[in-house]
Amino acid sequence: MFDKFEPFQGLQKQDFAFRPTRYEIWIGGKMVANGKTNSIISAKAINLDGAEKMEVTYNDALLNTELVSKIIFDEFVTATDRLQLITIPNETNSDNMGIMMFKMTIGPTRHSKNFNRNEPYCCNLFMQSGTIAKLTFSYSNPEKLIEFYSEPENEELDLEFVFLSSDHLRYENGRHVSGPHGGAPRAVKVEANISGNEGFTVTMFNTDGGQAVVQMAPKQMKLVGSDNEKIQLKGYGHDAMGASFADYGLTIFHTNGNIEKCKLHMYDRGVDIEYLP
């Protein structure tokens, strides 16, 4: 069962990422192809010609003939059982039923656009407890649907852990300025969001002397990137005092499900702390 929403509501454009494990291609109500994939689908808010858009990227050499590697969507809206990124031109080369319904309910998002055969007009995000469970693309030229699924049992790294670090390095604006220190134990804790929101909570502890003392207060973060070598989390929202969690991020480096190191990013200060095993 997917999360439910009040339909036809505009949403704030925001970054997200989804790592599918398999895909299905449907035409005319029949599945015509399926297989495995290991390429992340990433989205970010961009400014294009003075307007905020959403840029979605996906790079899989076997599938880019079916799904273009970069897509620009105009708006981010709700439907009853999904969130939707859409581009709805008033004039287009393929005015199918889906586009016609968007025109009637949401209205056109731009004057004109012609779609290539591997370029969708809509991206659907199906959520379960605030997390993307399925992502699909709808096409008009010709009409087609590509569905992407993520199967948790195939994921290599559980994003709820405590990483015990023996030492760390400090970088300022990309330049190594200190460390290692000959022993400076720390702990990086990643857990399900303690506020009940999307994503995770990241907390840093100083464990010197066998005591666990909070060194960085909990930061709310969500997944923004993932591949076979690293997972990227980035803060979003604000704490109770109004400080932005977006000033922080965490990159987790791993091999075969084993964490090798973590790097904390403090974007507003241009500082990175690399926590060693």
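In which loop is Pro-142 found? Pro-142 sits in the loop between β12 (131-140) and β13 (143-149), where helices (H or I, at least four residues) and strands (E, at least two) are DSSP runs numbered from the N terminus.

This is a predicted model, in which local features need pLDDT of at least 70 and side-chain atom pairs count only at pLDDT 80 or more, while totals for chains, interfaces and linings use all residues. Residues are numbered from 1 along each chain as its sequence is written, and side-chain values use heavy atoms, with hydrogens and water left out.

**Cis peptide bonds**

The bond that leads from Asn-141 into Pro-142 is cis, with omega near 0°. A cis bond, again with omega near 0°, joins Gly-179 to Pro-180, and Pro-180 lies in the loop between β16 (175-178) and β17 (186-192).

**Positive phi in residues other than glycine**

| Residue | Phi |
|---|---|
| Asp-49 | near 55° |
| Ser-129 | near 55° |

Asp-49 belongs to the loop between β4 (41-48) and β5 (51-58), and Ser-129 to the loop between β11 (122-128) and β12. Asp-49 is exposed, with a relative accessible area of 80%, and Ser-129 counts as exposed at 73% relative accessibility; exposed means over 50% relative accessible area, buried under 20%, and partly exposed in between (1.4 Å probe, protein chains only).

**The ends of α1**

After α1 comes Gly-107, whose phi is positive, near 100°.
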